[in-house]
Amino acid sequence: METNRQKKIGGVLQKDLVDILQGEIRKNNISNLVISVSKVAVTSDLSVANVHLSIFPQDKAAETLAAIKTNTPLIKHDLAQRVKLQLRKVPNLIFRIDDSLDYIEKIDNALAGKENPIHNRELLDKRKKS
């Protein structure tokens, strides 16, 4: 259960991380790439922040995430400069790909009947006998 403090810090970090990442994309003249920070979850001791990123297009997601992970100290430094009046110590950042949109699309396809397991039995996992 997230406390109000964790939610507030997560919101502040999310807003500033969006500005930092989008600013780097603009500064480096990278076209056809969108990075969205979908959620920032802060641990109860405020030492670690799990940052969930949505990267479009999906085929560039792995290499973009690797580039972001290598530049994590620089991103943390920029973030510290922005939130130095709100936070005494900036949490360690752990970047992850947010796959919730893929999960939602899979559910929508199943509900729309495109991947209906009643009509196509191959979609069902084979039952394992224990």
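User: Which residues of α1 are buried?
Analyst: The model is a predicted one. Helix α1 covers residues 4–27. An α-helix has 3.6 residues a turn, so residues three or four places apart point the same way. The buried residues of α1 are Q6, I9, G10, L13, D16, L17, I20, L21 and I25.

User: What do the buried residues of α1 pack against?
Analyst: The chain has 4 helices and 3 strands, and its elements run α-β-β-α-α-β-α from the N terminus on. The partners of the buried residues of α1 include both kinds of element: β1 (34–42), β2 (48–56), α2 (61–70), α3 and β3.

User: How far does α1 reach from its first C-alpha to its last?
Analyst: Helix α1 has 24 residues. At 1.5 Å a residue, the expected span is 34 Å. The span in the model is close to that value, at 34 Å.

User: Which residue just after α1 takes a positive phi?
Analyst: Helix α1 ends at residue 27. Just after the helix, a phi of about 55° is found. The residue with this positive phi is N29.

User: Are α1 and α3 parallel or oblique to each other?
Analyst: Two packed helices are described by the angle between their axes and the distance between the axes. For α1 and α3 (residues 72–83), the axes are 10 Å apart and the angle is about 125°. An angle over 145 degrees would count as roughly antiparallel, and 65 to 115 as roughly perpendicular. The two helices are therefore oblique.

User: How many nonpolar residues are in the contact of α1 with α3?
Analyst: On the α1 side the contact is made by V12, L13, D16, L17, D19, I20 and L21, and on the α3 side by I75, D78, L79, R82 and V83. By class, 4 of these residues are charged and none is polar. The number of nonpolar residues is 8.

User: Is I97 buried or partly exposed?
Analyst: I97 lies in strand β3 (residues 92–97). Its relative accessibility is 34%, whereas buried requires under 20% and exposed over 50%. I97 therefore counts as partly exposed.

User: Leaving aside neighbours within four places in sequence, which residues does I97 contact?
Analyst: I97 and V51 are 46 residues apart in sequence, yet their C-alpha atoms are 8.4 Å apart in space. Contact is judged by heavy atoms within 4.5 Å. On that basis, the residues in contact with I97 are L53, I55, A61 and L65.

Notes:
Residues numbered from 1 in each chain as written. Predicted model: local features only at pLDDT ≥ 70, side-chain atom pairs only at ≥ 80, totals over all residues. Heavy atoms only, no water. Axes fitted to C-alpha atoms, helices over the stretch in contact; angles between N-to-C directions. Parallel < 35°, antiparallel > 145°, perpendicular 65-115°, else oblique. Nonpolar A, V, L, I, M, F, W, Y, C, P; charged D, E, K, R; others polar. Buried < 20%, exposed > 50% of the residue type's maximum accessible area, 1.4 Å probe, protein only. Expected span 1.5 Å × (residues − 1).
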